[in-house]
Every structure is written in C-alpha cells, then in structure tokens.
Amino acid sequence: MTKKYQIVGIGNAMVDVLAHAEDSFLSDNGIEKGIMQLIDMERAVELYGKIGPATEISGGSAANTIAGAAHLGARTAYVGKVKDDQLGGIFAHDLRSQGVDYETVFAGKDAVQETGRCIVIVSPCGERSMNTYLGVTEFLEPSDIDETQMAQAEWIYLEGYRFDGPDSHEAFAKANKACKAAGGKVSLTLSDPFCVERHRDAFREMIKSDVDLLFCNRAEMLSMYQTEDFNTALDQAAAEVEIVACTDSDQGAHILSGGQRWHAPAVPTDIVDATGAGDLFAGAFLWGLVNGHDLETSGNMGCIAASEVISHIGARTEVDLTEVFKAKGLIS
C-alpha cells in the first residue's frame with residue numbers, strides 16, 4: 001500500500017540569516033570557524049547588529065533536507081516548532097510553498113521564546129560558521145508528534161541538532177515507535193561533531209535500537225566512534241546500522257550496507273556558501289531510495305545536489321535537479 005508520505009522530517013524550525021564576512025570578523029567576535037554554536041537571544045541581537053547585508057531564508061537542517069526532497073517531487077511533511085510571530089509566519093509559508101505538509105501547532109504570541117534563527121557567517125573560502133538561537137523550536141515535545149502522520153511515512157528523518165531540546169529525545173522515541181510499527185524506516189543525521197560530543201550515548205542508543213540509515217560527515221563519524229581512523233569508524237557504524245551514508249567534503253561520499261561499500265565522487269564546483277551541503281545530500285539520497293534507485297546511484301544524486309547548493313547563497317537548490325540527474329544519466 002502506498003503511504004501518504006515518502007519522507008517526514010523532524011528538526012529545528014529556523015530562519016537562516018546569511019551574511020559574508022572576513023575571517024577576522026570571526027576572531028573579533030569570538031566565533032569558532034566552521035561549526036555550529038548555540039547562542040541566546042541577547043547574543044543573536046548583538047551579532048545581527050554587527051553583520052553586513054544579509055539574506056534571510058527559512059532553514060533548519062531537516063527542513064532544508066525535506067525541501068530538497070520535495071523539490072525533486074517526493075511526498076513530504078515536516079515537524080518543527082515556531083512561534084506565532086513574523087519569522088514563524090515566514091518559515092511556515094516558505095516551507096508550504098515548497099509543497100511540504102507543515103501542520104505543527106505554533107507556540108502562542110505570549111510564548112517567552114521567539115522563532116529560532118541561525119546567523120550564518122560565510123567566510124571567503126565558503127565555509128560557514130553558524131550561531132544558532134534555538135528559541136521556541138528547542139521546546140518541541142512529544143505532544144507535537146502526530147503518531148498517525150509518522151505511521152503514514154515510508155521514512156522519517158531525524159535531525160541530530162534537535163537532541164539539544166529537553167523533551168526531544170522522548171519526542172523522537174514516539175515518532176520512531178509509530179513509524180516502525182507501521183513498517184516505516186528511520187534515518188538520522190548526526191548534524192555536528194560538537195552535537196555528537198554532547199549526546200554521544202543517546203545517539204548510540206538510538207542508532208542501535210531504531211536507526212536504519214545513518215547520515216554524517218567525516219568529523220561526526222570520528223567523533224561518534226572516538227577514533228582517528230576513518231575506516232575503523234565506518235566499519236563500526238556499518239555493524240550497527242543497515243545503511244551508512246558518510247560525506248567526506250571534496251572526497252565525495254562513502255556508502256556502506258550489507259558488507260559492501262561504494263564511493264560517490266564529489267562534483268567539482270566553486271564554493272560560494274557551504275550551508276546546506278549535507279542537508280541536500282540527504283534529501284537527494286532519500287529521494288533516490290524512495291524511488292527505487294540503488295545505493296550507489298542515490299549517493300551520486302546526493303553529491304550532485306550538494307555540489308549545486310554550495311555554488312550559491314542559501315540552502316535551497318536553484319536549478320531543476322531532476323534535469324541534472326537526467327543529463328548525468330542517473331534517471332531517464
């Protein structure tokens with residue numbers, strides 16, 4: 001029986017504020033290059049006042065992934081909390097305009113926290129340094145999870161960043177149970193090596209018990225398995241989960257499953273903004289899977305999508321990826 005949704009994402013509902021700056025701006029303002037740092041509202045206001053011209057785009061890691069899959073034609077939905085404020089309205093409208101079902105109940109206007117936002121400083125080399133005020137999205141809770149919706153999904157996609165919320169572990173457990181009881185599968189992205197450091201034990205427990213597909217990059221993989229040997233870490237992950245999809249920057253991506261391993265080469269491009277590379281890799285990879293493509297082909301699709309999104313500002317594709325896949329001979 002065909003399910004209503006091919007992919008349902010759960011994550012931090014954010015608005016991305018993207019601005020270019022020299023590396024000196026990072027050092028002058030105590031920003032560590034290339035990672036995600038959690039900040040409070042006061043710090044968010046301070047940084048917003050210091051950056052130059054900025055582009056504001058609805059974002060959040062899992063939301064970017066789901067928007068990418070929807071762009072390709074997947075039947076998708078998203079769960080993430082925003083406030084009934086200006087940024088919350090922008091977020092919801094933008095995601096729905098991508099064809100994504102988004103029905104998470106807004107936090108009321110009287111909520112203390114505001115809609116989350118991520119101030120992304122893009123260095124001249126294209127690397128992005130993220131300063132994230134979670135706001136109300138931090139308080140996603142089990143009541144925000146619709147078990148019927150989870151049961152209607154072929155795959156759910158869980159954002160590792162959401163592990164920072166006090167009730168999110170329970171919310172994820174509720175979603176996993178409902179999805180898997182109905183024959184669906186669970187994918188998880190580790191999101192960030194510092195996120196792994198904060199929640200390694202919880203990640204490992206979920207990976208072993210519920211996760212069918214693990215997304216990560218090299219740094220996250222090494223952090224998760226606490227080794228400096230990349231192949232050792234990959235093998236350990238492959239022993240715990242059915243499918244591993246690990247990106248490796250300009251080295252492409254490594255896909256492992258059932259004792260086999262494939263390498264998807266990176267697609268050379270001029271990096272303008274690395275924001276969303278992993279998100280779009282996951283979106284295209286999942287789209288490949290739900291449409292019956294093999295793991296190697298899905299990996300190649302992911303690398304193409306990642307290459308496209310880093311060639312411009314923002315984490316949403318600006319070309320028709322299906323046409324690119326056709327031109328590359330991946331689909332007919």
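1. Which residue is the bridge partner of Leu38 in E8? The partner is Thr132. E3 and strand E8 (residues 128-133) pair in the parallel sense, over three bridges; pairing requires at least two bridges found by DSSP. Strands (E, at least two residues) and helices (H or I, at least four) are DSSP runs, numbered from the N terminus.

2. A word on the basis: this is a predicted model, with local features needing pLDDT of at least 70 and side-chain atom pairs pLDDT 80 or more, while totals for chains, interfaces and linings use all residues. Residues are numbered from 1 along each chain as its sequence is written, and side-chain values use heavy atoms, leaving out hydrogens and water.

3. E3 and E8 belong to an open sheet of five strands, ordered E3-E8-E7-E2-E4, with mixed pairing. Strand E3 (36-38) and strand E4 (55-59) are its edges, each pairing on one side only. From one strand to the next, the twist averages 25°.

4. Helix H2 (residues 41-50) packs on this sheet and touches E2, E4, E7 and E8 (contact: heavy atoms within 4.5 Å). The direction of H2 makes about 40° with that of E7 (axes are lines fitted to C-alpha atoms, for helices over the stretch in contact; angles run from 0 to 180 degrees between N-to-C directions).

5. H2 also gives the most to the lining of the second largest pocket, with four residues (a pocket is an open set of points on a 1 Å grid, for a 1.4 Å probe, with protein on both sides within 12 Å along at least five of seven lines; lining residues have an atom within 4 Å of a point). Among its 13 lining residues, Val17, Tyr48, Glu56, Leu87 and Arg117 lie nearest the centre.
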